[in-house]
Amino acid sequence: MLIVDDRSDEILVVASCQGDKSAYAILVERHYRHVFAMCLGILADVHDAEDIAQDAMLKGLLKIAELREGEQFGRWILQIAKNLCIDLLRRQKRVKLAANEAANSGGAQPRQTTNENHDLHWAIGRLPKELRIPLVMYYFDNKNAKAIAERLNISHSGACQRIRTARQQLHEVLTRKIAR
Amino acid sequence: MNSVCDKMRDYIADMVTGTLSQEQARLLNQHLSQCPTCRNYAHQLKEEDLLLSELFTNISADMANRQQRVLEAVESCCLPKQSKPLLIWRTIMRSRITKFAAAAAIIVAALLVVHFIGNPLGSNVTFAQVIQPILNAQTAVLDIIVGNELDSGPVIHDMVMGSRIRRTLSNAPDVVSIIDLGSGKILVLIAPTKEAVYIDLKGLPSIPNYMERLRNVIAGLQEHPQFKVEKLGERDIAGQRLIGFRAKHPKAEITIWADPETALPVRIEQNEGQMNVICKNIQFDLAMEESLFSMDVPEGYKLQQTEIDLQGSTEQDFIEGLRVRAEVLGAGQLPDSVAVEDYIKEAPAIGKKLGELGLSEKEQADLGMKLGRHLLFIRFFKGEGEWHYAGKGVKLGEADKAIFWYQPKDSPTYRVIYGDLSVKDVAPENLPK
């Protein structure tokens with residue numbers, strides 16, 4: 001049964017601070033998808049993204065009392081996720097690789113490889129992180145560029161620009177791959 | 001491919017992502033009809049779009065299971081113990097407006113001594129010779145110190161005209177309170193932020209003329225049968241030769257020092273309950289502008305309204321205030337003292353702290369009122385005998401430490417409040433030592 005809870009994030013954060021895990025569960029249901037998309041956008045790996053998204057949600061629960069503005073939960077939890085992703089990349093000694101992504105010199109190697117999506121998955125991993133994150137979130141969020149802009153705290157036109165460039169660069173990577 | 005194609009390839013990407021305007025779509029279609037390379041590019045991008053959609057749909061297919069795993073992890077996760085005590089702090093932190101700043105704490109301080117010379121006896125006062133010369137006085141100016149004069153506490157400066165008092169605190173000179181005892185209202189004006197607060201005082205008896213009240217109280221103290229008036233003779237106080245009278249009553253003691261020549265009181269020391277109040281530098285009939293006592297909100301000031309019940313404060317209000325003082329202001333530590341004079345000393349610091357919390361106006365007002373009711377419990381303590389406070393050095397939550405005890409009126413037992421703010425009824429022989 002679908003239970004719709006129309007309490008605002010702000011109220012749910014207050015309730016969570018009082019130890020109400022069911023309130024936090026609603027926050028999870030509301031934001032998990034976006035957190036996962038962000039992690040996938042950064043890590044380009046479904047399994048890593050899943051692990052880190054879960055870690056981020058648990059860390060959010062433990063740190064909820066530090067969140068001063070409950071209505072900012074969405075952005076706050078995304079920031080936690082982002083930081084955890086960066087920690088993971090560091091641990092995996094991918095820092096150098098990640099820094100070079102801007103120069104399109106490489107990216108995280110995706111582990112999930114269904115045959116028909118293998119090239120696409122690989123190509124997404126080659127995109128620089130700044131383009132990969134909005135692209136992944138865009139396809140995860142029913143192609144809603146406005147929502148992506150809000151979550152990433154950038155302008156709508158900026159989000160559109162990044163998605164456009166991401167699409168163009170993805171095409172180039174795929175074309176080069178096929179040509180090889 | 002030329003520069004037109006470059007531009008069109010942006011349009012193609014925008015078309016695929018659904019952000020192309022109608023005019024751009026028209027231009028693009030026109031170009032595509034003539035350029036097979038771009039047509040092919042558009043075709044490929046559309047295909048990739050379908051593949052991307054499919055890829056993310058596949059990844060999303062497992063989303064419900066992933067989410068379920070997170071929810072299970074949340075369920076089995078142990079919450080840190082400190083999250084609960086932060087509740088009040090969190091509740092009041094929800095807004096971001098900071099303008100109201102120091103007002104709440106200052107308002108409370110302004111309220112505290114509004115009754116300072118109220119008639120503790122409820123007696124029928126009669127005329128007394130010592131105050132004969134001030135019968136016709138219309139105004140007065142005086143300084144009030146709550147607590148010990150030698151302490152570094154703030155001086156409350158009052159100007160009195162009729163039923164109105166214009167009050168400032170030496171440690172918060174930017175905040176002026178105009179108290180109208182006739183209508184039971186206080187207007188607080190905060191100059192730096194141009195804010196005004198109207199406070200309706202409930203439980204305050206109407207005092208149409210404060211000057212008359214002052215005279216009557218002084219006179220009554222000397223003539224009341226329960227009072228023993230002792231002549232203290234002449235003494236030099238602060239460079240002035242004064243003659244003193246001490247009036248004693250089982251519940252109050254008042255010492256009046258008057259100018260031996262004019263018989264005008266210049267200094268009154270009052271002990272009421274557990275609060276000492278010293279009024280000094282009293283002068284009568286100074287010329288003062290009536291506009292200084294206006295209850296009209298000055299132009300350009302933003303107005304707030306609230307009310308406070310002076311006599312309606314309960315034990316629960318006192319406890320709630322302790323909670324605020326520990327959680328919001330004391331980082332989990334209960335206050336060193338709950339005495340009114342100590343609060344007044346701290347008022348500006350408390351105001352500053354409240355300002356830093358980033359509260360909305362309403363939240364500050366609510367918190368101010370909470371602190372107000374907390375202090376009014378002590379200020380107008382209605383129990384038997386004295387209250388006792390032992391919360392210094394105690395952390396909120398220390399359930400084994402008694403921090404406050406008192407005997408409610410007509411009760412055979414005492415109420416004891418502990419460090420976790422629980423309360424128990426305790427027989428007198430079992431009270432904390």
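Predicted model: local features only at pLDDT ≥ 70, side-chain atom pairs only at ≥ 80, totals over all residues.
Let's begin with chain A. How many helices and strands does chain A have? There are nine helices and zero strands. If you follow the chain from the N terminus, you read α-α-α-α-α-α-α-α-α. Chain A has 180 residues, and 54% of them are buried. Its exposed surface comes to about 8,300 Å², with carbon and sulfur atoms supplying 49% of that area. Now for the contacts in chain A between residues at least 6 apart in sequence: 59% of these join residues at least 24 apart.

Next, have a look at helix α1 of chain A, residues 9–17. Why do we call this helix largely enclosed by the rest of the structure? Because seven of its nine residues are buried. Those buried residues are Asp9(A), Leu12(A), Val13(A), Val14(A), Ala15(A), Ser16(A) and Cys17(A). Just after α1(A) you come to Gly19(A), with a positive phi of about 90 degrees.

From there, let's go to the inside. The largest nonpolar core holds 71 residues, and the ones with the most contacts inside it are Tyr24(A), Phe36(A) and Phe56(B). Which helix gives this core its largest share? That is helix α2 of chain A, residues 21–43, with 15 residues.

Let me stay with Tyr24(A) for a moment. Leaving aside residues up to four places away in sequence, Tyr24(A) touches Ser16(A), which we met among the buried residues of α1(A). Tyr24(A) also touches Met57(A), Gly60(A), Leu61(A), Ile64(A), Phe73(A) and Ile77(A), as well as Val74(B) from chain B.

Tyr389(B) takes us to the strands of chain B. The bridge partner of Tyr389(B) in β14(B) is Phe404(B). Strand β13, residues 384–389, pairs with strand β14, residues 398–407, in the antiparallel sense over three bridges. What joins β14(B) to strand β15, residues 414–419? Five bridges do, and these two strands run antiparallel as well. Here Trp405(B) stands opposite Val416(B) in β15(B).

Finally, β14(B) and β15(B) form a hairpin with six residues between them. If you zoom in on the turn, you will find Asp410(B), with a positive phi of about 60 degrees.

Methods:
Residues numbered from 1 in each chain as written. Chains lettered and ligands numbered in written order. Heavy atoms only, no water. Buried < 20%, exposed > 50% of the residue type's maximum accessible area, 1.4 Å probe, protein only. Contact = heavy atoms within 4.5 Å. Areas by Shrake-Rupley, 256 points an atom, 1.4 Å probe, with all protein chains shown as cover. Core = buried A, V, L, I, M, F, W, Y, C linked by side-chain atoms within 4.5 Å. Pairing = 2+ DSSP bridges.
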